[in-house]
Amino acid sequence: MQAKQTLPEAAKNTIQSEFDRAESSDPIVLWWDDGNYLEDIIEQACDELGVHLKISGETPLELRADPVDGEQVWYVPHVKEPEDTEGGFDWFRDVEHTGGEVEMSIEDLTVHAFERGQLDAWELKTATRANDPTKRREIARILHDQLTGGQLPTLEQLRTQIVTGGYTDPVAFVLENGWGDIDDSPDTIEQMQDLLTSEGVDAVASEDEPVGIVGATRRWAVAEWLIHAGADAKRFPREFRAETAGDHDLPELKSLLNNTTSASLLADRYLGEAIWPDVVADVDDPWELADCIVDAALERRLWEEWHASFDDGDYEECLERAEKRHDALLGSEDFRGTYRGAFGPDSPWTRTWEQAAEIARLAHQLETWDENATDDVVSLYADPDDGTWQIDNAVLNLVVAGEPESDLPDDHPAALDDLRTQLQSEYVEYLEDLGDLVTDTVEAGAPFVDEDHSYQFFTKESDGLESGQTVALFVIDALRLDLARRLADELRDYVATLPSHAPEFAVDEDVWLGTLPSETEFGKAALTPGEIQMFDVSLVDGELQPLRNNRRVTTNRRESLLNGDGWTVTREEDDGWQSTRVAYFKNDIDDIGEKELSDLEAMLARRVDSLAEFIGTKLEQGEWDQAYVLTDHGFVLLPDNASSERISRPTEASDSGRRWIAGEDVDGDSPGVLLDSSSRLGYLDANVSVLASPLKRFRKQGLGDARFYHGGLLPQEFVLDFISITQG
């Protein structure tokens with residue numbers, strides 16, 4: 001039964017009724033309250049009726065002062081009889097003859113807000129009474145809030161709020177709070193039983209203790225979701241066969257997850273306990289119930305099936321299923337960025353399935369990457385959609401994600417640690433096979449002739465570098481292709497959120513090849529102004545040197561060339577940016593890797609985030625027509641449990657790095673892949689042998705066997721992503 005009027009409307013009707021019965025032409029209605037919960041309600045009623053209102057402060061006798069003519073209401077916000085008086089004390093006998101006397105509290109007026117004569121309404125009066133002053137104040141607050149707003153409550157909703165302390169849904173209250181702070185008196189227990197059974201929770205009818213009521217309600221709710229997801233209702237005891245009308249009607253637990261702020265607690269409660277193990281065990285295909293994100297029995301069954309499929313090598317099926325379960329646990333994101341209907345992205349239950357999907361995707365990539373192997377190594381590695389650069393990205397993500405299952409119960413069935421170790425070993429095998437493919441491809445011809453090379457950048461991009469434009473160059477050391485693509489995506493997200501008055505930017509990417517050997521000295525030297533034909537890498541007195549116009553390009557020479565072409569060179573985030581042509585150099589990624597700091601993968605991921613914020617801020621603050629993000633080389637990052645082999649520098653070498661040797665006598669018999677005139681790189685004027693194996697490094701004084709290195713011929717080391725950012 002729903003309330004028919006608000007408390008102010010009920011008060012107005014009561015006052016008007018007393019006026020209508022009054023014998024006097026200037027009637028007075030004296031309203032006695034108990035507790036002063038109706039003052040603003042009486043005030044509103046009088047205002048709408050257009051009658052004078054007097055409110056006593058200390059004593060009702062104050063109402064006699066300053067008499068006025070016409071209809072009026074006298075309001076006394078406390079009980080009729082003084083505390084020190086026994087018997088029927090009557091303050092104003094004469095008012096009975098001029099108008100009317102109303103003794104009505106907020107509980108009494110609530111009854112009038114419902115249809116008169118309804119037995120349930122009078123029962124409500126009993127339910128709203130409380131001897132404890134604190135409890136009574138809370139009940140009065142609920143009655144006031146619910147019966148002064150726009151949408152009027154039902155009798156059951158009011159009863160529920162009174163029992164639960166504010167909830168309108170008794171089932172949601174028990175599912176989220178258990179018994180909470182409700183007293184466990186027999187009357188309250190009976191009321192909760194009535195409230196829950198009226199909502200269809202028949203399972204509590206036979207329970208007479210709070211713990212039993214809570215347990216039965218939770219089991220009922222889990223059964224409801226399982227049935228909604230597709231489980232056969234006949235498998236459950238009759239009193240637990242909850243009925244959800246259709247696909248558009250949500251199970252109670254899912255509805256609760258749309259509104260709760262305690263999703264993580266609910267996840268642990270309803271995925272940490274096996275509720276219906278026998279029912280789940282009898283299901284032929286548990287994945288048909290994957291949308292049900294409660295009951296540890298189902299969660300365990302899904303993991304067992306997933307592991308079995310992975311062991312069988314069904315990686316695509318594992319990926320599809322893990323994504324399905326992850327999406328169910330994730331829920332839906334609203335416009336505020338809040339996730340509803342499930343446990344959200346930060347829950348370890350969600351993150352563990354997310355990692356399972358990443359593991360399955362990586363396993364599939366490692367298994368299939370060479371099925372379409374080609375002599376176009378650059379395309380094989382760098383293709384935006386199908387390139388094997390995604391393998392590097394997946395391995396890095398896998399390490400950064402850590403061990404999400406460690407935050408779950410100890411007996412959780414997700415056994416991912418061995419899979420992580422297995423995949424990192426397979427990653428090393430992939431790198432070795434990729435190195436062999438590069439070796440075969442280079443020795444069979446000159447595969448890189450038609451590619452864009454970084455030493456050509458200033459010539460090929462001359463239109464975007466014209467002196468009439470404002471241009472910023474961000475030269476970031478060691479930005480491997482997968483990190484650069486992640487950076488490009490974050491920059492797109494950043495510029496998309498700029499205010500409407502800010503400039504619009506387009507973010508594009510192009511594949512370029514770094515200068516071989518793929519080390520900082522040669523890569524940075526290539527990224528300096530000058531004609532293509534003026535750059536080469538040559539042996540000078542037995543030392544391999546980068547040259548412009550036959551002069552060695554050192555750090556000072558590079559800055560001089562940039563300054564001479566109108567660039568301001570800076571390594572500071574806040575200095576030098578007043579120029580219209582800025583070249584910003586940053587070497588910290590190389591520093592991070594070569595110092596072998598702990599949590600290297602996580603630091604690289606965070607560095608991309610900070611670069612995106614820094615570059616995005618500079619774009620927003622400056623008036624740049626064009627910006628470029630460039631890099632000198634990439635890197636190889638071996639898993640933590642892998643180690644490279646240090647090999648001795650051969651006698652024919654006159655110069656060497658960690659991954660290359662150079663010399664007049666270096667030939668095809670030297671370790672690595674020979675790059676000479678037959679390679680037709682266009683800039684290499686020396687015999688250089690470069691290592692393609694990921695596990696081999698030349699011994700070099702002062703350099704340890706780090707996981708992170710570069711200088712060689714793996715695509716990770718020299719295939720680069722240059723980002724262009726254009727205003728317009």
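Predicted model: local features only at pLDDT ≥ 70, side-chain atom pairs only at ≥ 80, totals over all residues.
Let me begin with a term: a residue is called buried when its relative accessible area is under 20%.

Because its relative accessibility is 16%, which is under 20%, Gln365 counts as buried. This glutamine belongs to helix α16, which covers residues 348–368. If we set aside residues up to four places away in sequence, Gln365 touches Gln390, Ile391 and Ala394.

With that residue placed, I turn to the domains. The chain is divided into two of them: domain 1 spans 285–444, and domain 2 consists of 454–635 together with 718–727. The contact between them draws on 13 residues from domain 1 and 13 residues from domain 2. Between their C-alpha centres there is a separation of 32 Å.

How much area is buried between domain 1 and domain 2? The value is about 1,100 Å², and carbon and sulfur atoms account for 70% of that area. As to polar interactions, three residue pairs are in polar contact between domain 1 and domain 2, with both residues at pLDDT 80 or more. Salt bridges between domain 1 and domain 2 number zero.

Which helices supply at least two residues each to the side of domain 1 that touches domain 2? They are α17, residues 377–382, and α18, residues 389–401. Helix α18 gives the largest share of that side, namely seven residues.

Leu513 lies in strand β8, which runs over residues 505–513. Is Leu513 buried or exposed? Leu513 counts as buried, because its relative accessibility is 2%.

The surroundings of Leu513 deserve a moment on the screen. Leaving aside neighbours within four places in sequence, Leu513 is in contact with Val378, Phe448, Glu451, Asp452, His453, Ser454, Phe718, Val719 and Leu720. Please also locate His633: its C-alpha atom is separated from that of Leu513 by 8.6 Å, while the two residues are 120 residues apart along the chain.

To close, I return to the contact between the domains. Three residue pairs in polar contact are counted between the two domains, alongside zero salt bridges. Thank you for your attention.

Notes: Residues numbered from 1 in each chain as written. Heavy atoms only, no water. Domains from an automatic or database assignment. Contact = heavy atoms within 4.5 Å. Buried area = accessible area lost by both parts, 1.4 Å probe. Salt bridge = Lys/Arg side-chain N within 4 Å of Asp/Glu carboxyl O. Polar contact = N/O pair within 3.5 Å; in protein donor to acceptor, adjacent residues only side chain to side chain. Helix = DSSP H or I, 4+ residues; strand = E, 2+ residues; numbered from the N terminus. Buried < 20%, exposed > 50% of the residue type's maximum accessible area, 1.4 Å probe, protein only.
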